[in-house]
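Morning, everyone. I'd like to walk you through one structure today. Let's bring it up.

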Amino acid sequence: MEINEPQNNVKYDVIIYGASSFTGKLVLEYFFINHLNDPQLTWAIAGRNHKKLMQALAETRKSNPEHNNTEIPIIIADCHNELSLNQLAKQAKVILTTVGPYAKYGSKLVSACIENGTDYCDLAGETQWIRKMIDRHQEKAEQTGARIVHACGFDSIPSDMGVFYMQEIAREKYQKPLMKIQLFVKAMRGGASGGTIASILNVIAESRADRNIARTVSHPYSLNPKNKQTGPDTRDQNTITHNRDLDCWTAPFFMASINTRIVRRSNALMNFNYGEDFSYTESTICGKKASGWIKAIFLTLTLGLFLLGSANRITRKYFIEKLLPKPGQGPNKEQRNNGFFKLIMLGRTKDGERLSIEVTGDRDPGYGSTSKILSETAICLASDKIDTKGGIWTPASALGGKLLLRLQTNAGMTFKIL
């Protein structure tokens, strides 16, 4: 069923935009398995290419033959066509989009959702673009009531919701927030996708071309409201470091540059509920003694060479882009199902009380877990009673405990005190 005419009334709780993309197909499968013919949740899929959407549906039905005859509504909308995006936004409570890089393909959809008072969530890990959306649309979103929630995948929900969970426990246990939290990637298994690689390369290319964008990407508080962009944190870890709390060597974590900004924005949007002197950092555990030191050096050098090669147009085009997965490519089903992530988070209050938690996911972080996390974020926006008003939010500041419960109940995530 193809819908091209504008609708006067909302028809769907959630519309999955980009359902034929690599991650979009995983989100489609999640909704297909868990919410097909669900009387409590109406949904549809959307994109610019009807043939590809039909093919995505056919693949999903093939994997789930018991539902072969069930119709899924299809809506055609082009990310560059404002009229079609407005027609799309009018039909949904929530637009869930997987179409990135968002700096290239996402701006007009955000604008359409805000114009129509439609809630929205995405997988954006592009700091410079999120900053642009805040500057361009915050006031209008407040007026129309649209709740825009960026970074709803592995970047940055485990970080953002992990900190939220820790602070809730700390207030209950110590009657005060944690002044400092450190996240460490303990273990992670999963393949890379071309869509994610394309987003990373686009951030690097834009930063290289525009010094203002480079400053935005590197500023530790760049996503905070303009008058709240100060704090104790400086640049992200960019070399090997020995951590005394864990007595091990650590290396930079390549997603810290977006995760830390989202967590700090959450704190600012929640009226500095974590404290104005709250500090948050991320890194990767490499191990103890000489072996840990060698691994830390290897990871740091590998990341440095990738960033250096990606910053140069020639090496990016003829080496990086050719060696890494292209958009539409990613880990297979076995790799996704066998994947996982395990994060350790250490916190302490001003008075020295300590708290540690473990955050885990039961699928590969970038796709198996991300597709479930993003889906539950959209459903939370559509179905749960949330007091949050219109504006551009983070997952923790917009959805808080309601999303935390969904992640643990439905998305295969755990938050456990150690």
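**Cysteines, cores and one threonine**

Let's start with Cys79. Cys79 counts as buried, because its relative accessibility is 6%. Keep in mind that this is a predicted model.

Now take Cys121. Cys121 is buried too, with a relative accessible area of 0%. Its closest cysteine sulfur is in Cys152, at 5.2 Å.

Next, the cores. The largest nonpolar core has 104 residues. Those with the most contacts inside it are Tyr17, Phe31, Trp43, Ile45 and Leu88. Helix α7, residues 157–174, gives this core its largest share, 9 residues. There is also a second, separate core of 6 residues, including Ile197 and Phe306.

Back to Leu88. What does Leu88 touch, beyond residues up to four places away in sequence? Among them are Ile15, Tyr17, Ala46 and Leu109.

Last stop, Thr284. Thr284 sits in strand β11, residues 279–287. Buried or exposed? Thr284 counts as buried, because its relative accessibility is 13%, and the limit for buried is under 20%. The Thr284 side chain reaches the backbone oxygen of Pro252 at 3.5 Å. Setting aside neighbours within four places in sequence, Thr284 also contacts residues including Val185, Trp249, Phe253 and Leu299.

That's the tour. Over to you.

Note on methods. Residues are numbered from 1 along each chain as its sequence is written. This is a predicted model: local features need pLDDT of at least 70, side-chain atom pairs count only at pLDDT 80 or more; totals for chains, interfaces and linings use all residues. Side-chain values use heavy atoms; hydrogens and water are left out. A nonpolar core is a set of buried Ala, Val, Leu, Ile, Met, Phe, Trp, Tyr and Cys residues joined through side-chain atoms within 4.5 Å. Buried means under 20% relative accessible area, exposed over 50%, partly exposed in between (1.4 Å probe, protein chains only). Helices (H or I, at least four residues) and strands (E, at least two) are DSSP runs, numbered from the N terminus. Contact means heavy atoms within 4.5 Å. A polar contact is a pair of N or O atoms within 3.5 Å; within protein, one must be able to donate a hydrogen and the other to accept it, and residues adjacent in sequence count only if both atoms are side-chain atoms. A disulfide is a pair of cysteine sulfur atoms within 2.5 Å.
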